[in-house]
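Please read the following briefing alongside the sequence and the 3D model. It covers the overall fold, the sheet and its helices, and a pocket.

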Amino acid sequence: MASVFTKIINGEIPCYKIAEDDNFIAFFDINPNAKGHTLCVPKLEVNKILDLEEALYLKLMQFSRKVGIALEKTIPCKRVGMAVIGLEVPHVHVHLIPLNDMKEMTFSHKVSMTDAEFKSLAEAVQKNL
Ligand code: AMP
């Protein structure tokens, strides 16, 4: 069965999209640890990051770096944290989290955002890509 992220890539499920190219998509995490929490996802559905072919892994890091720099430019934060987990969604993704506090790297720490907030923040990040 297709992963939830493959469904997003195929347009079957909506997302707040930040960036997309031939190989990757970036969109906001729907249940963010902090405002601007973004997921960078390869379009190829692979379960674990270390199972990615090396060239695609390196391209994912390049894509994530570009998105992370745009997040840093847009959202006041001390730095953008990066994490790879995948215990909930078995489709490779890099979490990019604008951080002001260590607790924002704790996945039990969540913030709520309205639809309007997600949309306006997505537009602001896109302008800094
Ligand atoms: P993990 O697999 O543990 O790295 O976590 C998966 C992440 O995907 C969680 O932070 C979820 O909030 C996020 N997530 C799950 N479904 C969606 C969705 N439909 N759109 C955006 N983010 C999602």
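The notes below go from the chain as a whole to its sheet, its helices and its pocket.

This is a predicted model, in which local features need pLDDT of at least 70 and side-chain atom pairs count only at pLDDT 80 or more, while totals for chains, interfaces and linings use all residues. Residues are numbered from 1 along each chain as its sequence is written, and side-chain values use heavy atoms, with hydrogens and water left out.

**Overall fold**

- The protein chain has three helices and five strands, where helices (H or I, at least four residues) and strands (E, at least two) are DSSP runs numbered from the N terminus.
- Read from the N terminus, the elements follow the order α-β-β-β-α-β-β-α.
- The radius of gyration, taken over C-alpha atoms, is 14 Å, close to the 14 Å that the globule rule (2.2 Å times the number of residues to the power 0.38) gives for 129 residues, so the protein chain is as compact as a globular protein of that length.
- The C-alpha trace spans about 35 × 30 × 30 Å along its principal axes.

**Sheet**

- The five strands form an open sheet in the order S1-S2-S3-S5-S4 with antiparallel pairing, two strands counting as paired if DSSP finds at least two bridges between them.
- At the edges lie strand S1 (17-20) and strand S4 (79-83), each of which pairs on one side only.
- From one strand to the next the twist averages 20 degrees, with axes fitted as lines to C-alpha atoms (for helices over the stretch in contact) and angles running from 0 to 180 degrees between N-to-C directions.
- S1 and S2 run antiparallel and are joined by three bridges; lysine 17 has phenylalanine 27 in S2 as its bridge partner, and a hairpin connects S1 to S2 through three residues.
- Strand S3 (residues 38-42) also pairs in the antiparallel sense with strand S5 (residues 94-99), over three bridges, and cysteine 40 stands opposite valine 94 in S5.

**Helices on the sheet**

- Helix H2 (residues 54-74) packs on the sheet and touches S1, S2, S3, S4 and S5 (contact means heavy atoms within 4.5 Å), its direction making about 155 degrees with that of S3.
- Helix H3 (residues 115-127) packs on the sheet as well, touching S1 and S2, and its direction makes about 35 degrees with that of S1.

**Largest pocket**

- On a 1 Å grid over the protein atoms alone, a pocket is an open set of points where a 1.4 Å probe fits, with protein on both sides within 12 Å along at least five of seven lines, and lining residues have an atom within 4 Å of a point.
- The largest pocket has a volume of about 470 Å³, a volume being the space filled by probe spheres set on the points, which are joined across faces, edges and corners.
- Of the 22 residues that line the largest pocket, Phe5, Asp29, Leu39, Glu88 and Val89 are the closest to its centre.
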